[in-house]
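Have the sequence and the 3D view open as you read, and follow along residue by residue.

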Amino acid sequence: MAPDPWFSTYDSTCQIAQEIAEKIQQRNQYERKGEKTPKLTVTIRALLQNLKEKIALLKDLLLRAVSTHQITQLEGDRRQNLLDDLVTRERLLLASFKNEGAEPDLIRSSLMREEAKRGAPNPWLFEEPEETRGFGFDEIRQQQQKIIQEQDAGLDALSSIISRQKQMGQEIGNELDEQNEIIDDLANLVENTDEKLRTETRRVNMVDRKSASCGMIMVILLLLVAIVVVAVWPTN
């Protein structure tokens, strides 16, 4: 398995910082003896620029790894701590180069280099968590990939749940539409029935009025007949 490019870059950056510290110490020794150091100064300045570019590259690689979920958040924080330490060392080296601070701590850098030579599992860790203690880079990477796969599986399950809920919502919406149509049909039926009832009521009222009129006419006719009969009936 190919080594992690971030740690490869971090390793080379630490070596550059170590080299700068050694050359600054060498330059300071020459200057105390009254010797001129133009070549060393140019070399140190070039190494400082290279260190700056390497740190910028580390920042970019870390940002990509975190944004694309290639590493976990815990691993991202751990690498950020390592990167912050490098930035601090860069400032100290720059101040020492400009004779604005104490000489670089070569003992600490030497210890880091010796641990790297002995093949320590993680020579850059300051407070390594229990779950990765004693692991090599490949083992840590495999563990990270396993965690990412578990997170992906969880996201897939969550996506499936959301999809089912969406489908249920659509089915409920369709059911509501059908119920609304039924209610509209019932409203139309009630309105039509009510109109028919009003029409029939009007007809009944008209029949009643006509019946009353016919009764009156019959009474009048009977009265007329009675009058005529009385008028023509012989008196004797």
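## T9 and its polar contact

In this predicted model, a polar atom of the T9 side chain lies 2.8 Å from the backbone oxygen of P5. T9 itself is found in helix α1, which covers residues 5-32.

Is T9 buried or exposed? T9 counts as buried, because its relative accessibility is 10% and the cut-off for buried is under 20%. Which residues does T9 touch once its neighbours within four places in sequence are left aside? They are K54, L57, L58 and L61.

## Y10, next along the helix

Y10 also lies in helix α1. With a relative accessibility of 0%, Y10 counts as buried.

L58, which is one of the contacts of T9, comes up again here. Y10 and L58 are 48 residues apart along the chain, yet their C-alpha atoms are separated by 7.0 Å.

## An aromatic cluster

Now for the rings. The count comes to 2 aromatic pairs. In one of them, W6 and F7 have ring centres 5.3 Å apart and planes at 85 degrees, so this pair is edge-to-face; the cut-off for that label is over 60 degrees. The rings of W6 and Y10 have centres 5.4 Å apart, and their planes are at 10 degrees, so that pair is stacked, a label used for planes under 30 degrees apart.

How many residues apart are W6 and Y10 in helix α1? They are 4 residues apart, so about one helical turn separates them. Together, W6, F7 and Y10 form one aromatic cluster.

## How accessible are the cluster members?

Each ring can be taken in turn. W6 counts as buried because its relative accessibility is 2%. F7 is buried too, with a relative accessible area of 5%. As for the stacked pair, both W6 and Y10 are buried.

## The coiled-coil annotation

Finally, move along to residues 176-203. What does UniProt list for this span? An unreviewed UniProt entry gives it as "coiled-coil region".

In the model, residues 176-203 are 100% helix and 0% strand.

Conventions:
Residues are numbered from 1 along each chain as its sequence is written. This is a predicted model: local features need pLDDT of at least 70, side-chain atom pairs count only at pLDDT 80 or more; totals for chains, interfaces and linings use all residues. Side-chain values use heavy atoms; hydrogens and water are left out. Rings of Phe, Tyr and Trp (its six-membered ring) pair if their centres lie within 6.5 Å; planes under 30 degrees apart count as stacked, over 60 as edge-to-face and the rest as tilted. Buried means under 20% relative accessible area, exposed over 50%, partly exposed in between (1.4 Å probe, protein chains only). Helices (H or I, at least four residues) and strands (E, at least two) are DSSP runs, numbered from the N terminus. UniProt positions are given in the numbering used here, feature names are shortened, and annotations may be inferred rather than shown by experiment. A polar contact is a pair of N or O atoms within 3.5 Å; within protein, one must be able to donate a hydrogen and the other to accept it, and residues adjacent in sequence count only if both atoms are side-chain atoms. Contact means heavy atoms within 4.5 Å.
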